[in-house]
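Here are my notes for you, point by point. Keep the model open while you read.

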Amino acid sequence: MLVPRIVGMSSTIAQLGSVTQHLVGGGEERPGQQIMASLVASSIATRAPALVEAGTGTGKSLAYLTPIVAAGRRAVVATATIALQSQLVDKDVPLVANGLGTTVTAAVLKGRSNYLCQQRLDEFDRASHSEQLDLLRGTNPDRHMKALRRWAEETATGDREELDPAPPSDVWSAVSVSGDECPGAARCPAGDRCYSEAARLVARESDVIVTNHHYYGLHLASDGALLPEHDVVVFDEAHHLPEVIGAMCGTEISGGRFRGVSRRVRGVLTDEELGSNLDRCAVDLDNQLRGSVGERADFDADLVALLVTGRDRSDRVIAALRKVKPAEGSDAAAKVERALLAATGLVADIDAIIEATSDDVLWVDGSANHPILRRTPLDIGPLLEQRLWGEVTAILTSATLPEALVDQLGLPSNTAVTRVGSPFDYERLGLLYCPVDLPDPRRSESREPRHAEMRSLIEAAGGRTLGLFTSNRAMREAADDLRERLEHPILVQGDSSKSALIESFTADPRAVLLATMSFWQGIDLPGDTLTLVIIDRLPFPRPDEPVLQARRRRAGPAAFRLIDLPRAQILLAQAAGRLIRRSDDRGVVAVLDSRLATNKSYRWDLISSLPPLRRTKNREEVLAFLRQLDAGTIIEQPAP
C-alpha cells in the first residue's frame, strides 16, 4: 500500500506535536502517527473514506482525534472493546483538547439494555414474591437484588459496567429493557428518570460520541435512528466490521423470543391460552432447530409452517394487547406497551426470515439448548453504500487490515488506503518460531508432539505464557496434559471470568494462561508478565461454517483468497500482537503449525501480516532465548 497525497500535512503534524508534548515525558515523534494524522485530516477535507493499517504502538487514537478536533467536526468513534471506550473519553479526548487549547466534550453511548431501567426496577419492587421469582426465572431475589438496589440509589449513569461483580443475565434482564421493547421516555411512567435517555441527551450535546461496533451497526440497520448527526465516524479495530455489520443488519428468531413475549403478555392479559400458544411455538422451534446448530437451516415446509403459526399467534397477542386500556402512566400501561413492542418486533423479524432471498443465508446459531435461527446478508456493501459511504466521512483503522476488506465493505474507489508501520524494533525484540518437524495439526497423531513442544517452551520461559487455541477441545486437551506434567499454575478460559483470569495471570509470573478466540485480541499484557505466545494452529475458518460457506460458493474459485485467507491473516496477526505491547517487551511467538513454514501457496501472505519478528525454525535457539529472558540476562538482540 502506498501513502496517498496528503492535504495540509505540515499543519497537522504541528497540531499533533502540540498534543503529544503533553504526554508524560513529553512524548516522542512517531512518523507513522504523523502520516496517519495527516491522512485523516486530508480525508476530512475531501470527505473521502480512509483505510489505515497502523501497527501496534503507532498511537492511533491521537492520530485520528487530533485532526478531528482541529477541524471542529463532530465525530462518532466506534470501538470493539470497553477498555478503549473508557480510554478515549477519560484520557485521549481531554489530552487532545488540552494540546490544541480548546474545549471538547465526549460521552459514551451504549444500547438501552446496558442501562438500568427505573420503571422495571419499580415494577419489580411492587411485584409479589412469586412474580419476582418469575421475572428472575427462578433466581432467588434476595441473593442479588439487595446489592443492585443499593447501587441503583448511588449510580449517576445506571450503566451495568459499574457493577462489580456483574449480576447474572437473568437478574439484569429483569431490571433492564431492550431497544425493541422500550416505548421511549415520553410514554414511560419513569421516563424523567431514564438513564438511557439521559445518556442520549448527553451524547446529543457532545463533540465526540464513543460507542461500539454493534451499536453503530444497529444505527445503520435502523436507517440512522440511533445516533445524533455527525460529520465523521471512526471505526477502530475495523477488521471486525464485516462480521458485526452483517450480524446487526440481519435478523434472528429463537424459542427465547417467543418465551420472552409470552412472559410479558401473561402479566397483562387474562387469556392464558395466548401465552401458552407462544410457549408451544418456542418448544416446537427449539425442537426443529437443535439438530442443525452450526449448519445452514433446512428451510422446508415444516419450518415455514412453524414460523407462519408463530406469526399468527403473535398477531393474536397484538390484537388482544391493543384492546387493553390501562390507566395512563400506570405500571400496567408500561407493561402493555413493552409487550406490544416485543410482539410487533417478533412479527417483523418472522416476516424478514420468511422473505429471505438468495442474497441472504439462513443458518442455526447458539447451542442445542438455545438454538437461534439467523438471517445474515451475504453482501453488506450495498447497504453501506446507501447509508454510510458518502453520508459521513469514514475512517477505518486497525493494526491488521487485509486488502480484501475493501471489497468486503464495498468501499468506494476514492478511498485512501495506506499502511503505517509500528515504531517497535521487532527484530531486536523477539522471535517468530515455527517448528517444521511437527505433524500436520489436522491429524490426530499430532496432539502429543505439539503438547511436548508446548511443555518445552513453557519450561524454558519459566511460565509467562499465553496459549491461544482454535478450539475449546484443543485447549482442554492441552490443559489436562500441562497440569499433569508441569508445576506451573495453569489458568484456563471458562474456569473463571476473563478479568479474573487476566488478574491471576499478571499476579503470578510463573503462570500459564490458555484460551480460545476471545483472547486472541483485545487483551493487553505488557512487560515481563508475558514472554511467550503459543498459537496451536493456523486459524483458518471451519469449512462448514454456514455464512462463510455461502460466501465461498458465491466467490467461486477465488474463495480461499477472498474469504479464508484474509480471516486467517487477521486472527494470526492479532494473536501474535499480544506479545509486543511496548518498546521494552521481549519474547517469542511460537506457531505450532508447520504449514506456516512449508506451504508455498500462502505462507508468505500470512507471514507478511505478522509483526516483523526475526524468524527461526531452530528449537534450541528459541529455548536458549527464553531461558535468558527468564533469567533476566538478555541485553542485545537474539543471535542470528
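1. A quick term to begin: two strands pair if DSSP finds at least two bridges between them. Helices (H or I, at least four residues) and strands (E, at least two) are DSSP runs, numbered from the N terminus. This is a predicted model, where local features need pLDDT of at least 70, side-chain atom pairs count only at pLDDT 80 or more, and totals for chains, interfaces and linings use all residues. Residues are numbered from 1 along each chain as its sequence is written, and side-chain values use heavy atoms, leaving out hydrogens and water.

2. Look at strand 15 (residues 532–535). Strand 12 (residues 465–468) pairs with strand 15 in the parallel sense over four bridges, and V533 is the bridge partner of L466. Strand 16 (residues 587–591) also pairs with strand 15, parallel and over four bridges; here I535 partners V591.

3. Now the side chains of strand 15: L532 and I534 point one way, V533 and I535 the other, and all are buried. Buried means under 20% relative accessible area, exposed over 50%, partly exposed in between (1.4 Å probe, protein chains only).

4. Helix 3 (residues 60–70) has ten of its eleven residues buried, so it is largely enclosed by the rest of the structure. After helix 3 comes G72, with a positive phi near 70°.

5. Which residue sits over the ring of F519? The charged end of K498 does, 5.1 Å from the ring centre. The rule is NZ of Lys or CZ of Arg within 6 Å of the ring centre and within 35 degrees of the ring normal. R603 likewise lies over the face of W604, at 4.6 Å from the ring centre.
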